[in-house]
There are 4 protein chains.
Amino acid sequence: MLKVGIIGAGRIGRVHSESISKYVKGAEIKAISDVKITEELTAWAKSMGIPEVYDDYKKILQDPEIDAVLVCSSTNTHAPISIEAAQAGKHVFCEKPVDADPAKIREVLSAVEKAGVKFQVGFNRRFDHNFKAIKDRVAAGDIGEPHVIRVTSRDPEAPPIEYVKVSGGMFFDMTIHDFDMIRYLSGSEVEEVFAVGTVLVNPEIGKAGDIDTAVITLKLKNGAIGVIDNSRKAAYGYDQRAEVFGSKGAIHITNDTGSTAVFSGENGVVAEKPKYFFLERYMQSFADEISCFVDSVVNDKPTLVNGNDGLQPVLIALAAKKSLEENRPVKLSEVA
Amino acid sequence: MLKVGIIGAGRIGRVHSESISKYVKGAEIKAISDVKITEELTAWAKSMGIPEVYDDYKKILQDPEIDAVLVCSSTNTHAPISIEAAQAGKHVFCEKPVDADPAKIREVLSAVEKAGVKFQVGFNRRFDHNFKAIKDRVAAGDIGEPHVIRVTSRDPEAPPIEYVKVSGGMFFDMTIHDFDMIRYLSGSEVEEVFAVGTVLVNPEIGKAGDIDTAVITLKLKNGAIGVIDNSRKAAYGYDQRAEVFGSKGAIHITNDTGSTAVFSGENGVVAEKPKYFFLERYMQSFADEISCFVDSVVNDKPTLVNGNDGLQPVLIALAAKKSLEENRPVKLSEVA
Amino acid sequence: MLKVGIIGAGRIGRVHSESISKYVKGAEIKAISDVKITEELTAWAKSMGIPEVYDDYKKILQDPEIDAVLVCSSTNTHAPISIEAAQAGKHVFCEKPVDADPAKIREVLSAVEKAGVKFQVGFNRRFDHNFKAIKDRVAAGDIGEPHVIRVTSRDPEAPPIEYVKVSGGMFFDMTIHDFDMIRYLSGSEVEEVFAVGTVLVNPEIGKAGDIDTAVITLKLKNGAIGVIDNSRKAAYGYDQRAEVFGSKGAIHITNDTGSTAVFSGENGVVAEKPKYFFLERYMQSFADEISCFVDSVVNDKPTLVNGNDGLQPVLIALAAKKSLEENRPVKLSEVA
Amino acid sequence: MLKVGIIGAGRIGRVHSESISKYVKGAEIKAISDVKITEELTAWAKSMGIPEVYDDYKKILQDPEIDAVLVCSSTNTHAPISIEAAQAGKHVFCEKPVDADPAKIREVLSAVEKAGVKFQVGFNRRFDHNFKAIKDRVAAGDIGEPHVIRVTSRDPEAPPIEYVKVSGGMFFDMTIHDFDMIRYLSGSEVEEVFAVGTVLVNPEIGKAGDIDTAVITLKLKNGAIGVIDNSRKAAYGYDQRAEVFGSKGAIHITNDTGSTAVFSGENGVVAEKPKYFFLERYMQSFADEISCFVDSVVNDKPTLVNGNDGLQPVLIALAAKKSLEENRPVKLSEVA
């Protein structure tokens, strides 16, 4: 039974806590830390059966019983805490993005390598049943050589403007998952990026210096072309689709729904909207990524989302941002 | 170029006229007859390019240039006119049902056989792209031995009560097509029938002595089971589906729509309703059954819907009616 | 925290144990009993965190800490153990069928009523997301008055012949769920049943005195018609569909799949087969039915699948069996 | 009855001839011309009921009975013949593209305007039931303001290399329809284009100086973003899909198939491939565009695909070509 500590008891820290309690065999949570301990947090931790609640993550790093940590703290602390944890000999699961600065990510990767600990980045969609189904078929060669990889990713609601201001921008906050998907589904690195982005959902987002609608085209090293379309707000809910088209055919995924029920009436033939948002849609994938991380630690296997997988999407996001600013295609080598 | 005459200029007579004009190569309409010639009919016939309009179908039978006739007159005249036409040496396409009395149908079949002319019954759904797609796969053995054959057939609107009164009842007027489909899709004759029927759409239909909702179970000679469900009124339009389930799998068809457009909005993911009614849904099949009839005549091939195909659904309908009246399964041998 | 005991550690007893451990908040398993205690069972119970393993269910009934029991023993013991448990003051969740003899079911219901304990029967499909979606829309009046209720239920593989011999027959073992669904979806009792059944999957099933393919028509008290089609073996997997058609429209459900992936290639456009069998397909519903039972006990609410819900499907199955034997429609009043 | 002449008896000239004969009420073909008259052509024209076959299109222009002409000759003659026809007072339906040179298109538009004749360009997809269904919903405001317009257009087979060499390139030959669709569906002009293109289907296409795979991003004047993905070869057939995403929802179309049949078997749940190629897929739209042109002529209405609709896609194609060559976004104003 692997004992883990969770650093950060915000939304994603709690998502991991719940999924570990319910679904992850072979792991148990020894402690959770947060910069702010409230009564509510203490009660919640108790209900989850978590023995220790700390206001300092260092206590987790000092606990010799804890083998691995999940870094779920605020984004700007991901890199330093990951380094510190690696140096303390803990295996590290780090939420995405590791950092917006490639240099800092590289420091993390060095620290992890030096310490000889496992390191996995929280790109949970790789563990989702639909995306895995595409990936497996593509990897099996069923569609032949990939030619075009399309990802459609639209949120049901734009985040609050306060969040937009500190999020690092849509490419780092939202599209980063799609950049990861392009790499995952294609099995190729990205070479060059061209981004078109605009503000169509909410002008406040534009005032905050961000965009809410984008189409990003990516030239891949294997010769294929990637294309992502994003919106911060789809009236019908969370839209998560993808297609890989290749020499022997295509495979695509559509959205998950709460049920297969279809109503036929005077106004048409009506199926359900997609599952509302990422907690509903991707809950199982959060559990599965941790199960996989536990397996890597316990059985000394490479993690399925490694350090380079943490680095590359950040480089792509940087290139996309530069492309948007300069209205020209930008090579990854320009931002590396 | 086969010259044909059309006997009866009602709805179905005009459907055939239009489809022959537009789609049927190798045939042209020399004359049409109707018991009542109006100005409108004359103008319509002219617009269709039909040279002759008669008030007496005998003039069609006497025209030596005319090789084949379509019997589209009122149901009670189908049998005598078909016999007369056969005796006049004309090939006969007869609308369904040939007659409600098996003895009269047998007289027609004798007359046709004696005259050595072609005879085809208007079960147009056999020529429909969807039903043909099932049939072809079943006939090719793709689903193995058929076990269960299901037909769902629901109209968008109940017919006028005046029509209900003279229609011969739902089994003869509407379900007759479904009985034909069970035979066509299964490739087997029917042995026994059990019908449950009730009045749920419109109580006036019940007062007129008919039903508007039914489920009919059929034991087939090949051991398979057929099941039909009918309604005179589906709020979402004309519902025409079928499934054949067998030892190696199943094949089913869903409804045709005007377009593949799907709207995703706040209230769900909405596809179009089925095509509204039989003229929209089956127009191409009306043309194709006539093309096939023309081919049988011109190239001396057996027709694809022969005399027995005209007789059997009537026997099934009689058995279904008796089953409904007596609330027990009825063998076809009891009504033959 | 409700403490429960599980009586019977066979397949379904373990399914409930696992789902309670993982998904059911507010309940914990205090003990499990089985007539045969093996090392494997003891180890499994330990891994589940179940403190006590007994070879006599009476020890569970005698434990004052245990508030409720799940009766998961062999079918012929369901009734006597349920009675004994009720008399011991335990709330009872009883697997289906309660018994094949209506008189014995009535004895259970009397005992339960007398003891004033909760009683729920294991018709788990009522808690399934797809069936619930239909039910909710029907209950909300969205389809108006129900006219036709269709259930398609096909297993991926026939059970072993040894099982067939002791199963009580397909109607009691398999169709019993579909009989429950007809009642659940229509909101009506059944009045009369007509069953057509045959042996098309495996002649050995016929030699064992059972059937493997059936179509059952049901007249409901509310005037609607139910129709079920069953097969013991669908080549493409577990087929679980339903449709309720009514005056304002229809709602249907299709099968769940492992992913939404669709492959387009030279041979067609290929979606996944349905989830393989009931453990995959209905796992969540097993958890949800127990959560609901726990809620009924803890908050003193009526159970959602009560004693009459346990009795009626057995009466329908008896009527269906008699109908098959005598080839005639059979009223439930004849078998009550 | 409008009398039309058809200039050019190649594939598209014959498509229009057949569809006019079969489906277009209110028009008849008086003459067809081709630079090369063969016995086969004469026989075919006779079978179509076309009275006159000329080796010189000028005879068509000189025939006072002919009101309108269809310019279906080789692309490089579209502009001069259209001008000549307009000067002869004939209404002109001109196949796409009018010309690859905007200046020549503008000459045509001037000539047409001066002559006061109708002018329609052969963008038949605007008349297709699926594309029309999207357009109508978008135009009705159902999706609110358009944000992203996506078009997927993939051919079932690359054209012969000899054709590729003279086609003017994929953007002019194939994507031109998709450029038109972006304008049609969005209701907006295009401002800037960025094209990524490569050779993945057949290296011979690359040697011939063309590409076979492309993703084109378009900034529209109304602020929306368009994105097109193209391939010269989809293993599963002709892939023609589109989606318009906007503030209130999205509407998308999928492919037409020959039937709705779905086979469920051991290897999955298999639907049909799309209709094979444009003659199958778009036949009805060819008829409908001509019916519409006839209506414009006879009832003196504006044509639904006017001169500017002929010009703009050519400008977009020029910008796309330049973008591909220079690897940068190109404004339409740079190529106008």
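## Exercises on a predicted model

Chain D has an open sheet of six strands in the order β3-β2-β1-β4-β5-β6, with parallel pairing. Keep in mind that this is a predicted model.

**Exercise 1.** Work out which strands are the edge strands of this sheet in chain D.

*Solution.* Start by reading off the strand order, β3-β2-β1-β4-β5-β6. Next, look for strands that pair on one side only: these are β3 (52–54) and β6 (119–121) of chain D. While you're there, check the twist, which averages 25 degrees from one strand to the next.

**Exercise 2.** Find how many bridges join β5 of chain D to β6(D), and which residue is the bridge partner of D:F93.

*Solution.* First locate β5, residues 91–94 of chain D. Then count its bridges to β6(D): there are three, and the two strands run parallel. Finally, look across from D:F93, and you'll land on D:Q120 in β6(D).

**Exercise 3.** Now move on to β8 of chain D, and describe how this strand pairs with β9 and with β15 of chain D.

*Solution.* Take β9 to begin with. Strand β8 (residues 190–198) and strand β9 (residues 213–220) of chain D run antiparallel and are joined by eight bridges. To see one of these positions, find D:T198, which has D:T213 of β9(D) opposite.

Then go to β15, residues 330–331 of chain D: two bridges link this strand to β8(D), again in the antiparallel sense. Here D:E192 has D:K331 as its bridge partner in β15(D).

**Exercise 4.** Describe how chain A and chain D meet: how many residues are in contact, and how much area do the two chains bury?

*Solution.* Count the residues first: 36 of chain A are in contact with 36 of chain D. Then turn to area. The size of an interface is often given as the accessible area lost when the parts come together. For chain A and chain D the buried area is about 2,900 Å², with 65% of it on carbon and sulfur atoms.

**Exercise 5.** Look for the polar side of this meeting, then sort the residues that chain A brings to chain D.

*Solution.* Begin with the salt bridges, of which there are six between chain A and chain D. One of them joins the side chains of A:E243 and D:R241, at 2.9 Å from N to O.

Now ask where the chain A residues come from. Strands β7 (146–154), β8 (190–198), β9 (213–220), β10 (225–231), β11 (239–246) and β12 (249–253) of chain A each supply at least two residues of the side that touches chain D. Sorted by type, that side of chain A has 16 nonpolar, 10 polar and 10 charged residues.

How values were computed:
Residues numbered from 1 in each chain as written. Chains lettered and ligands numbered in written order. Predicted model: local features only at pLDDT ≥ 70, side-chain atom pairs only at ≥ 80, totals over all residues. Heavy atoms only, no water. Contact = heavy atoms within 4.5 Å. Buried area = accessible area lost by both parts, 1.4 Å probe. Salt bridge = Lys/Arg side-chain N within 4 Å of Asp/Glu carboxyl O. Polar contact = N/O pair within 3.5 Å; in protein donor to acceptor, adjacent residues only side chain to side chain. Helix = DSSP H or I, 4+ residues; strand = E, 2+ residues; numbered from the N terminus. Nonpolar A, V, L, I, M, F, W, Y, C, P; charged D, E, K, R; others polar. Pairing = 2+ DSSP bridges. Axes fitted to C-alpha atoms, helices over the stretch in contact; angles between N-to-C directions.
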